[in-house]
Amino acid sequence: MKVKDVLDLAKKNNVQVVDLKFIDMPGLWQHFTISTNEFGEDLFNEGIGFDGSSIRGFQAINESDMLLFPDPASAFIDPFSAVSTLSLTCNIKDPITGQSYTRDPRYIAQKAEKYLKSSGIADISYWGPELEFYIFDDVRFEQSYNKGMYMVDSKEGFWNSGKDENPNLGNKIRYKEGYFPVPPMDSLQDIRNEMLLTLQKVGINIEVHHHEVATAGQCEIDMKFDTLTTMADKVMKYKYVVKNVARKHNKVVTFMPKPIFMDNGSGMHVHQSLWKNSKNLFFKLGGYGDVSEMALHYIGGLLKHAPALCAFIAPTTNSYRRLVPGYEAPINLVYSQRNRSACVRIPMYSKSEKSKRIEFRTPDPSSNSYLAFAAMLMAGLDGVQNKIEPPKPIDKDLYELEPEEAEKIKHLPGSLDVVLDALEKDHDFMLKGDVFTKDLIETWISYKRAKEVDAIRLRPHPYEFALYFDI
């Protein structure tokens, strides 16, 4: 869509206001809104100012002035606003230098795509993230000097099987049995249908939706694959849509990786492939899993750099409540065909060249999609460039291996502080082509350590009272 097309779209839909969105470093959409009286071609050419010092991970107060430049290709009519609203996703520039902002996650994704082309390895990469999420009926949490608590609830949660609901009609989903009972056990079919239709309305093609494994409203809606930056844009629209559809039904969506104890967490399995001259470079009929040597080297790069990658693809302290054995969580640094207990799986649904890809199962939906996709691409390309061989594939249930076999398999780190240390030591592969910058990586590590790792480390945990109060 060109600027003229966007202006025509606004006129056709009698747009009254224009919403300008951009992404902060942790991965949350930010926005402000302007009148259509201020909306014209100049906005796309000259940008509009905002305070960068108020955005997480951005500018100091003495360098706060920044510019937003709307991307006309991102335009859509907001389906939730009471007045007709045009939404535009923006890139960020420095008003003094006129250069793109090095900490703008969307710019990093765009640089990753540019670097891929310049490398000569491939023209394009395709991305298909599978975002899982929970739909809750009630959420409460509080943290202060003398208390800390949280509580989540869902009408279909199995813990409510004995609750007096005037009447309780049963049909509660048992733990780890949410995949795929029909309604009335699956109580969220109609809401997911509405989410699907709304996503399609804003330009996102959807392949399938279903209830996920866990009790208490775990769901998944799968988007059709797309190119890196475009798919990262779609992830942001996806989160916006499912959260707002849920809100219409007096429910709430969370992409927190592990909100429930003793049941499955929410992942973001990411399918990816490289193409050149309309040819899938990951396909080779007759090879292991029908994948090429390039695909294996790409996998080698992902597995080698996985500890550092986790700082971007599993970037919260809560991510490591999910990445534990026994909950379909991919903690084993191996690859396999069909095997969902490996970090990297080669899907075997089809022998078609077009459908061949690899699936990296470690990421979760708390990640910033722009940074996560760019980091994975850079790790995979490093594997291709240096012909990194992955460990031999294992086609067994990795959770049921004999101890002597299990000891030979490397595992993911188990906490955010450890993966931040890994990123500090292993990030040169991300700096190629100036895709990531040292400033971005240093800012990310500093922010995560201060705002998340230390914030959790310094606070008493509620369960510590059950363990230690009577000492």
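## Helix α7

Helix α7, spanning residues 306–313, is mostly covered, with seven of its eight residues buried (under 20% relative accessible area with a 1.4 Å probe, protein chains only). The buried set is A306, A308, L309, C310, A311, F312 and I313. Helices here are DSSP runs of H or I with at least four residues, strands are E runs with at least two, and both are numbered from the N terminus.

This is a predicted model, where local features need pLDDT of at least 70 and side-chain atom pairs count only at pLDDT 80 or more, while totals for chains, interfaces and linings use all residues. Residues are numbered from 1 along each chain as its sequence is written, and side-chain values use heavy atoms, leaving out hydrogens and water.

## The β8–β9 hairpin

Strands β8 (residues 138–143) and β9 (residues 148–153) pair antiparallel over six bridges; pairing takes at least two DSSP bridges. Four residues sit between the two strands of this hairpin. R140 has M151 in β9 as its bridge partner.

## Where α6 crosses α9

How do α6 and α9 cross? The axes of α6 (residues 293–304) and α9 (residues 369–385) come within 6 Å and cross at roughly 120°, with axes fitted to C-alpha atoms over the stretch in contact and angles running from 0 to 180 degrees between N-to-C directions. That makes α6 oblique to α9, since oblique is whatever is left after under 35 degrees (roughly parallel), over 145 (roughly antiparallel) and 65 to 115 (roughly perpendicular).

On the α6 side, M294, H297, Y298, G301 and L302 meet M376, L377, A379, G380, L381, G383 and V384 of α9, contact being heavy atoms within 4.5 Å.

Definitions and conventions: Buried means under 20% relative accessible area, exposed over 50%, partly exposed in between (1.4 Å probe, protein chains only).
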